[in-house]
Amino acid sequence: MTLQGLRWWVVSLVAIATVINYIDRSALAIMWPGIAEELGMDKSDYANIVTVFMIAYAIGQSLFGKIFDWLGTRMGFVLSIGVWSLSIALHAVAHHVLSFALFRFLLGLGEAGNWPGATKANAEWFPVKERALAQGIFNAGASVGSIIAPPLIAYLYVFVGWQTTFILIGAFGLLWLIPWLALYKAGPERHPWITAEERHYILTGQKVAPIVPATMTPPTTQQNTSQKNTTQSSTTAPMPVATNATSAAETADTAGTETEYVPGMRQLLRHRQSWSLISARFFIDPVWWLFVAWLPIYLNETFGFNVQEIGAFAWVPYVGAAIGAIFGGWWCGKLLGRGYSVNKARRTVIVAGALVMLPALIATVYANTPQLAVGLIGLILFGFQVMIGNIQTLPSDYFSGKSVGSLSGISGTAAVISVILTIQLVPLITASGNYAWCFALGAVLVPLSVLSVFMGGTIQPVAAKKAH
């Protein structure tokens, strides 16, 4: 049995997992006005509960980065989604801040695995020119989950109450495991359902050639012939990879001559490219979480919305996010198809996303109607997703698939640390009910993230540092 376009089936399942991920994490914020009133909790209690979630999320990013590199993509997702689905269901028995914090910690630990897992699946299943689009599909799952969550959670809250709502949404993830285990039998090298054409297409397109200085002498014909013969005679040569300068057939002949660079954690942290990604995530991720964690409370405090009204409005900005996720990936792929280098294409799209976000963040400070506010937030989240989809592909642009999960995980941990700081800051700067400083903070963070991307230098595969 073979399945045409198997990589798109894989990315679709991971996107669905991401939809479930965001439904689960959004549920508490959407139902918070009702839960807080019933259990006698306030905004500071909410901030503390979310902070515990984010601490676990920070730990989980690095932990699951290593777990995915160790167990592989298939079982890494089984462990991650199994933990978070059981954890969200346990919210049904929470009755005070401590119990909510405990279950939220377990939820954050499990949900963190989705992102290093998605990045690793992207690196394994897609050639370089399709990775931004694949990452956009993953990220669109987050936006679609955020679109679905407000009306779905509000509906369930009204008809079955908050406890049963948590149990029902916990079941979604456990059901997802059935098609995942059935479909994801192995990576593209060994999957029994993949066509030979798709396997060749994926594996010969997974690297880009580093930019070679013009003064370097190209290999001679004799060297190329020697390399070709060596590769053909070896039974243990690695699978071929494509470059910008060679065709797939030529790459298949020469791929076995280079040793793959697979740095450990210490080696990863010796490269400025790693720190570029870490700092870019540190600065940009809080912008997204300002809305994921606080949008329902913002609508409640600024415009007096109840749970049902939150359900009617809070999904709208995430339509912009979903469009941005797909557009950012599609546009980067289009630029690559026109002959742009990976470096130029990624940077162009990242800067464009930032230029959409900045004026919208500043304008939201002055929004005086819920319609205007959610419209501007939709623009902010559109620009965010255009940026983040390309930022999240950087681990696979810089390093081998065997290191992608680790770098994605540690950069995610850095991002979560900044989100924790932001979440604790929000109750202080919104004590009067005015959220203007939140939007101003976002406007400061966006250019810092762009600057971090440029500090990494040219976006291309990283070579091992020589010992001194």
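Reply: In this predicted model, Asn21 has a relative accessibility of 0%, and because buried means under 20%, Asn21 counts as buried. Asn21 sits in helix α1, which covers residues 6–39. Leaving aside residues up to four places away in sequence, Asn21 touches Trp84, Glu111 and Asn114. With Glu111 there is also a polar contact: the side chain of Asn21 reaches the backbone oxygen of Glu111 at 3.4 Å.

Asn114, one of the residues touched by Asn21, belongs to helix α5, made up of residues 114–125. The axis of α5 comes within 9 Å of the axis of helix α6, residues 128–183, and the two cross at roughly 150°. Angles over 145 degrees count as roughly antiparallel, so α5 and α6 are roughly antiparallel to each other. Their crossing is right-handed. On the α5 side, the contact is made by Trp115, Ala118, Thr119, Asn122 and Ala123. On the α6 side, Arg131, Ala134, Gln135, Phe138, Asn139 and Ala142 take part. Sorted by class, this contact has 6 nonpolar, 4 polar and 1 charged residues.

As for the whole protein, it has 18 helices and 0 strands. Of its 468 residues, 56% are buried, and Asn21 is one of the buried residues. Among contacts between residues at least 6 apart in sequence, 82% join residues at least 24 apart.

Terms used: Residues are numbered from 1 along each chain as its sequence is written. This is a predicted model: local features need pLDDT of at least 70, side-chain atom pairs count only at pLDDT 80 or more; totals for chains, interfaces and linings use all residues. Side-chain values use heavy atoms; hydrogens and water are left out. Axes are lines fitted to C-alpha atoms, for helices over the stretch in contact, and angles run from 0 to 180 degrees between N-to-C directions. Helices (H or I, at least four residues) and strands (E, at least two) are DSSP runs, numbered from the N terminus. Angles under 35 degrees count as roughly parallel, over 145 as roughly antiparallel, 65 to 115 as roughly perpendicular and the rest as oblique. A crossing is left-handed if the near helix is turned anticlockwise from the far one by less than a right angle, and right-handed if clockwise. Contact means heavy atoms within 4.5 Å. Ala, Val, Leu, Ile, Met, Phe, Trp, Tyr, Cys and Pro count as nonpolar, Asp, Glu, Lys and Arg as charged, and the others, Gly among them, as polar. Buried means under 20% relative accessible area, exposed over 50%, partly exposed in between (1.4 Å probe, protein chains only). A polar contact is a pair of N or O atoms within 3.5 Å; within protein, one must be able to donate a hydrogen and the other to accept it, and residues adjacent in sequence count only if both atoms are side-chain atoms.
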